[in-house]
Amino acid sequence: MDAMRLIEANRRALARCEEPVGVVAEVWQSQALAQAIGSRLAVAGPVELRGEALGLSEVGGRACAMLDAPGLGTEDIRAARLSRIGDTQEALLALDGLLGDVGIALVGVAMGAAEEGGYWQCMEAIDAADESRDRVLEMLRRLAVREQRLPEAGSAAGSS
């Protein structure tokens, strides 16, 4: 499945959550998707993104490990359905939006946490979502730099 469709499915599912357990499950799904997108870009994405993409994959994996994983089978994990990224910039912009939604949702869960352990788990997950967003934003910055260089390379070749 295309990254954009999976990101939108995650955003809709996160927005529908009313209970903290559901929010945490959707945060897990979102970080699993960030991990999958990062892995795919690290292997087959633009060269200048591969280091940050690998970092995104690692952060997503750590975030999934720190959260109470929902009891999902492989067929229920949206990220497992990722078959292609499509437009890299569009996918990264959408992933940035999803990770922003994740952070906001986690703040709400943390504020209502009945126990200290749940609160700190949310704080760590917020930090992971922020770090994932930082990786995504750096990849978007690198794409913008690449786009600025491409016209320059074309005009330099044309003036020779």
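Biologist: Within what distance do the axes of helix α1 (residues 3-16) and α4 come, and at roughly how many degrees do they cross?

Modeller: Two packed helices are described by the angle between their axes and the distance between the axes. Here the axes of α1 and α4 come within 10 Å and cross at roughly 15 degrees, where axes are lines fitted to C-alpha atoms over the stretch in contact and angles run from 0 to 180 degrees between N-to-C directions. That makes α1 roughly parallel to α4 (under 35 degrees is roughly parallel, over 145 roughly antiparallel, 65 to 115 roughly perpendicular, the rest oblique). This is a predicted model, in which local features need pLDDT of at least 70 and side-chain atom pairs count only at pLDDT 80 or more, while totals for chains, interfaces and linings use all residues. Residues are numbered from 1 along each chain as its sequence is written, and side-chain values use heavy atoms, with hydrogens and water left out.

Biologist: Which residues of α1 and α4 meet?

Modeller: Contact means heavy atoms within 4.5 Å. From α1, Ala3, Met4, Ile7, Asn10, Arg11 and Leu14 meet residues of α4 that include Ala91, Leu95, Leu98 and Val102. The contact of α1 with α4 has 10 nonpolar, 2 polar and 3 charged residues (nonpolar: Ala, Val, Leu, Ile, Met, Phe, Trp, Tyr, Cys and Pro; charged: Asp, Glu, Lys and Arg; polar: the others, Gly among them).

Biologist: At what angle does helix α2 (residues 20-44) pack with α4?

Modeller: The angle is about 155 degrees, with the axes of α2 and α4 10 Å apart, and that makes α2 roughly antiparallel to α4. Among the residues making this contact are Val27, Ala34 and Leu41 of α2 and Leu92, Leu99 and Leu106 of α4. By class, this contact has 16 nonpolar, 3 polar and no charged residues.

Biologist: How do α1 and α2 pack, and with what angle between them?

Modeller: Their axes are 9 Å apart at an angle of about 165 degrees, and α1 and α2 are therefore roughly antiparallel to each other. Their crossing is left-handed, a term for a near helix turned anticlockwise from the far one by less than a right angle (right-handed if clockwise). The contact includes Leu6 and Ala13 of α1 and Glu26 and Gln29 of α2.

Biologist: What span does α4 reach, and which residue's side chain reaches to its start?

Modeller: α4 (residues 88-111) has 24 residues and reaches 35 Å from its first C-alpha to its last, close to the 34 Å expected at 1.5 Å a residue (1.5 Å times one less than the number of residues). At the start of α4, a side-chain oxygen of aspartate 87 reaches to within 3.0 Å of the backbone nitrogen of glutamine 89.

Biologist: How many helices and strands has the protein chain?

Modeller: The protein chain has 5 helices and 0 strands, these being DSSP runs numbered from the N terminus (helices H or I, at least four residues; strands E, at least two).

Methods. Polar contact = N/O pair within 3.5 Å; in protein donor to acceptor, adjacent residues only side chain to side chain.
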